[in-house]
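Reader: Could we go through the aromatic rings in this protein together? I would like to understand what lies around them.

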Amino acid sequence: MLPFSPPRLNIAQLPTPLRPLDRLSALYSGPRIWIKQDDLTGSALTGNKVRKLEFVVADALAEQCDTLVTCGGVQSNHCRATVLTGARFGLKVHLLLRGNKPNQSDGNLLLDELGGAEITFYDDDEYVRDFPAIAEHWLSHYKAQGKKPYFIPTGASNGVGLWGYLSAAEELKRDCEQAGFRPDAIVVATGSAGTQGGLTLGEYLLGSNVPVYGMAVCDSSAYFKGKVEEDISDWYRRWSGPVGLNKSLPALLGELNILTLDNYIGPGYAQGYPALYRCIKEVASREGVVLDPVYTGKAFYGMLEERQNGVFSRMDNIVFVHTGGVYGLFPQRAEFT
Ligand SMILES: *Cc1c(COP(=O)(O)O)cnc(C)c1O
């Protein structure tokens with residue numbers, strides 16, 4: 001058990017189920033696949049972001065903030081989860097979205113609008129070039145109005161959000177003990193690195209040291225190593241004391257095993273490929289598990305490939321953490337017909 005936890009809201013449906021996917025595992029050679037169903041943390045609040053928001057929005061409330069400002073792609077699961085959490089706690093939410101406003105709102109964007117978010121769209125070039133200035137502009141805007149804004153970075157991945165998957169690592173350890181096995185690997189989609197970082201640090205702090213493989217949906221392995229280290233450094237500055245970690249930051253980072261596979265991204269973030277769409281169909285029809293084409297589908301497809309002939313092929317049990325994302329499926333409906 002971790003000896004300390006910062007303030008936390010109770011909005012995720014926890015613990016989520018862990019179960020084996022035996023029909024799928026039997027199809028090809030390789031280890032038994034287990035799924036940790038963080039797609040069941042809620043309905044509108046499905047997915048991994050709600051675990052992070054339990055800590056991040058608790059922090060915003062502790063600082064008496066009244067407005068959440070956050071950012072992401074037009075179909076961001078994180079933004080949708082933030083909008084609905086904000087609505088639940090009476091906080092205004094302003095989304096800064098990367099991409100142009102589509103003619104028709106679908107998937108997560110539709111839910112953002114239903115949830116009452118204020119939304120500003122920025123085209124790709126402007127977003128990439130000017131994001132820090134854009135965020136600063138809106139934070140100053142709210143302060144000038146006498147409001148107290150709180151900025152949540154992409155994916156709620158920072159030292160506070162990391163707690164979501166530190167605590168999930170504890171939960172998963174208990175699940176596996178109850179099911180009577182020790183996993184040889186944990187596999188998860190990685191985009192802004194907070195889930196991967198939380199699980200990686202969690203395994204280390206719990207002393208179980210199960211290797212955590214981030215399956216990249218954008219960027220490169222080198223990027224993810226840097227980003228995980230950055231978030232863990234932020235976490236360390238805030239909580240190494242209360243947690244009682246008697247180790248320097250460089251020593252901690254030196255001992256962590258940050259593993260990322262970046263060869264299943266395809267053409268780019270949120271852009272799919274035929275083998276990915278086939279895999280999503282197969283997993284839905286054989287196991288009743290719905291993956292999405294932006295995150296979990298790519299991670300699961302990559303895991304199946306590596307399970308047959310790759311880094312997972314000689315293992316006995318691997319746990320896939322299903323991080324949600326079902327609303328990102330609908331805007332890509334044309335790929336399935
Ligand atoms: C955000 C997201 C991820 C990636 O999590 P990060 O912590 O941002 O790396 C994976 N799956 C889904 C469905 C997501 O929405």
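Reader: Which charged residue sits over the ring of Tyr165?
Author: In this predicted model, the charged end of Arg51 sits over the ring of Tyr165, 5.5 Å from its centre.

Reader: And what sits over the ring of Tyr295?
Author: The charged end of Lys49 does, at 5.4 Å from the centre of the Tyr295 ring.

Reader: Is Tyr295 buried or exposed?
Author: Tyr295 is buried, with a relative accessible area of 17%; the cut-off for buried is under 20%.

Reader: Now to ring pairs. How many aromatic pairs are there in the whole structure?
Author: A search of the whole structure gives 15 aromatic pairs. In one of them, Phe4 and Trp163 have ring centres 5.9 Å apart and planes at 65°, so this pair is edge-to-face.

Reader: Where do Phe4 and Trp163 lie?
Author: Phe4 belongs to the segment before strand E1 (18–20), and Trp163 to helix H6 (residues 162–179), so their pair ties together parts that are 159 residues apart in sequence. Phe4 counts as partly exposed, at 26% relative accessibility, whereas Trp163 counts as buried, at 2%.

Reader: How are Tyr269 and Tyr295 arranged?
Author: Tyr269 and Tyr295 form an edge-to-face pair, 6.0 Å centre to centre, with 70° between the planes. Tyr269 lies in the loop between strand E9 (259–261) and helix H10 (274–287), and Tyr295 in the loop between H10 and helix H11 (296–309), so the pair ties together parts that are 26 residues apart in sequence.

Reader: Which residues do ring pairs link into a cluster?
Author: The cluster consists of Phe4, Phe55, Trp163, Trp235 and Trp239.

Terms used:
Residues are numbered from 1 along each chain as its sequence is written. This is a predicted model: local features need pLDDT of at least 70, side-chain atom pairs count only at pLDDT 80 or more; totals for chains, interfaces and linings use all residues. Side-chain values use heavy atoms; hydrogens and water are left out. Rings of Phe, Tyr and Trp (its six-membered ring) pair if their centres lie within 6.5 Å; planes under 30 degrees apart count as stacked, over 60 as edge-to-face and the rest as tilted. Helices (H or I, at least four residues) and strands (E, at least two) are DSSP runs, numbered from the N terminus. Buried means under 20% relative accessible area, exposed over 50%, partly exposed in between (1.4 Å probe, protein chains only). A charge sits over a ring if NZ of Lys or CZ of Arg is within 6 Å of the ring centre and within 35 degrees of the ring normal.
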